[in-house]
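I opened the model to go through a few items and write down what I found. The entries follow in the order in which I looked things up.

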Protein chains: 2
Amino acid sequence: MAKDIDFYFDFSSPYGYIASQLIEPVAARHGRTVRWRPFLIGAVYKATNYQPLEIGAKKDYLFRDIVRHARFHGVPLAMPAGFPEGLIAPARAVYWIADRDGATASAFVTAAYRAYWADGRRLADPEVVADVAAAVGVNRAAVRAALDDPEVKDRLRRETEAAMVRGVFGSPFIFVDDEPFWGSDRLPQVEKWMATGGW
Amino acid sequence: MAKDIDFYFDFSSPYGYIASQLIEPVAARHGRTVRWRPFLIGAVYKATNYQPLEIGAKKDYLFRDIVRHARFHGVPLAMPAGFPEGLIAPARAVYWIADRDGATASAFVTAAYRAYWADGRRLADPEVVADVAAAVGVNRAAVRAALDDPEVKDRLRRETEAAMVRGVFGSPFIFVDDEPFWGSDRLPQVEKWMATGGW
C-alpha cells in the first residue's frame, strides 16, 4: 500500500494555498492520500534569519506572480487585506481535527485556505476558524475550545520543530516517501516521482 | 513583428543554465528570438543583502533539486567543482560577441553554459572563455583581448545596473514584452504568455 504524501504548509503561504487546491487529484491518480502538516513559517524564518519580502523588487514581483500563478492554474485568489500576517489558529485546528478524522481535516484545510485566499475572511480570528470548521462538520464549540488548549498549542510548536528537523524551510514543502519537493511549481515533478519512483 | 524575449542570467546560476537549454525552442514556436542579457548576480545579491545559500537546509535541498531538475528536463548537468563562484569573463564576452553577431552570441551562451555545467570546464578562466568562443567561430585573439578591455568591463557593470533598475533580482529572469518571469519553472507560463498575451 502506498504511503501518504506529507504536505507541509503555512496558511499564510500563497503558494501553499495554490498547491493545496491542486495536490489531491494528483495524489489520487497514484493511489495516495495527502497528510496535511501545517507549521509556523514565521518560526522557521526566525530560526534561519530569512525575510522573503525584504527585497523591494522581489516583493513587487511576488505579489504579481502570486495572482498570475493562481490564474494560470484556475485557482480563485484575491490578495487578502491582512497579508502577510500570522495565521496560527487554523494551523492548530488542523492537528486537532486530524486526530479525530483525517478526511474532515482535509476538507477543513481546503475550506480554510479558500476562506482566506479567495473569500477575504479573517482567518487569524479563532471565531472565523471555528465557523469554517463547523461548516465542514466539526463540532464548533469543541474546536473553538481546543484552539485555546495549551496541549493543542504545544502540538503545533512541536510539529514546527519536527518540520525544521526534517529540512522544511518554506511552504509548500512536499515529501513523497522521503523525497523533498519545495514549491507549488514542483507538482509536475511530484507527480512523476510518484509514477516512476525517481529518475 | 514580435519582439525578442529578454533572458537575464548569470553563468553561475544552475537554473539559468537549465532554462538556457530549453528556452530557444519555446521562443521559436512563437516566432521570437532570445536576447541574452548576462548580469552579475553577486552584485545584485550584495545590493539586496541576500545570500541564497546561507540556510543549511535550503542549501542541501537546492543542491539536490538542481541535479534532479536538470534530469527531469533531460539537460546534462554535473555539479562543477568550483560552484558557487563568480563567472565574470563569459558574461563580458556575451555583450562583446552580441554587438558583432547575435546568432554567434546565442551559440556562445549555450556552449559556455554547457562547458561549465556539463563538461567541468573552468569558465572563470578567460583563456577557457576564449577557447569556447573560438569553438563557435569567434576570433580567439580578439575576444581574449576584449575580456581585459575597460570598455567591455564597464559595459557589464552598466548592464547589471540596468537589470536591477528593471527589477531583476535572480537568475534566470525572463521578460516577455514587459511581463517579468523569474525562474526556470516559469517556462510553461512564459510560453502561455507568448501564445495568449496574458491571462
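**Entry 1: a loop glutamine**

I began with Gln21(A), which is buried because its relative accessible area is 17%, under the 20% limit. The model is a predicted one, and I kept that in mind for every entry. I placed Gln21(A) in the loop between helix H1 (14–20) and helix H2 (23–29) of chain A. I then asked which residues Gln21(A) is in contact with, leaving aside its neighbours within four places in sequence. I listed Val75(A), Thr110(A), Tyr113(A) and Arg114(A).

**Entry 2: the interface**

Next I turned to the two chains together. I counted 31 residues of chain A in contact with 31 residues of chain B. Between them the chains bury about 2,900 Å², and carbon and sulfur atoms account for 58% of it. I noted that 22% of the area that chain A buries against chain B is supplied by Tyr61(A), Arg68(A) and Phe72(A), more than any other three residues.

How many salt bridges does the rule find across the interface of chain A and chain B? I recorded 8. One that I looked up joins the side chains of Arg64(A) and Glu179(B), at 2.7 Å from N to O. Across the interface of chain A and chain B I also have 16 residue pairs in polar contact, both residues at pLDDT 80 or more.

I then looked at which elements of chain A make up the side that touches chain B. Helix H4 (56–72), strand E4 (179–182) and helix H10 (187–196) of chain A supply at least two residues each. H4(A) gives the largest share, 10 residues. By type, the residues on this side of chain A are 15 nonpolar, 5 polar and 11 charged.

**Entry 3: helix H6 of chain B**

I checked the length of helix H6 (residues 102–117) of chain B. Its 16 residues should span 22 Å at 1.5 Å a residue, and the end C-alpha atoms are 23 Å apart, so the two agree. At the N-terminal end of H6(B) I found a cap: a side-chain oxygen of Asp101(B) lies 3.2 Å from the backbone nitrogen of Ala103(B).

Among the buried residues of H6(B) I noted Phe108(B), Val109(B), Tyr113(B), Tyr116(B) and Trp117(B). I asked what covers the buried residues of H6(B). The cover includes strand E1 (5–9), strand E2 (34–38), helix H1 (14–20), helix H2 (23–29), helix H5 (89–98) and helix H7 (126–135) of chain B.

**Entry 4: backbone exceptions**

I reminded myself that most residues other than glycine have a negative phi, and most peptide bonds are trans. I found a cis peptide bond from Phe83(A) to Pro84(A), with omega near -5 degrees. Pro84(A) is in the loop between H4 and helix H5 (89–98) of chain A. Another cis peptide bond joins Ser171(A) and Pro172(A), with omega about 0 degrees. I located Pro172(A) in the loop between helix H9 (150–166) and strand E3 (173–176) of chain A.

For phi, I looked up Asp177(A), where the value is positive, near 55 degrees. Asp177(A) sits in the loop between E3 and E4 of chain A.

Technical notes. Residues are numbered from 1 along each chain as its sequence is written. Chains are lettered from A and ligands numbered from 1 in the order in which they are written. This is a predicted model: local features need pLDDT of at least 70, side-chain atom pairs count only at pLDDT 80 or more; totals for chains, interfaces and linings use all residues. Side-chain values use heavy atoms; hydrogens and water are left out. Contact means heavy atoms within 4.5 Å. Buried area is the accessible area (1.4 Å probe) that two parts lose on being put together, summed over both. A salt bridge is a side-chain nitrogen of Lys or Arg within 4 Å of a carboxyl oxygen of Asp or Glu. A polar contact is a pair of N or O atoms within 3.5 Å; within protein, one must be able to donate a hydrogen and the other to accept it, and residues adjacent in sequence count only if both atoms are side-chain atoms. Helices (H or I, at least four residues) and strands (E, at least two) are DSSP runs, numbered from the N terminus. Ala, Val, Leu, Ile, Met, Phe, Trp, Tyr, Cys and Pro count as nonpolar, Asp, Glu, Lys and Arg as charged, and the others, Gly among them, as polar. The expected span of a helix is 1.5 Å times one less than its number of residues. Buried means under 20% relative accessible area, exposed over 50%, partly exposed in between (1.4 Å probe, protein chains only).
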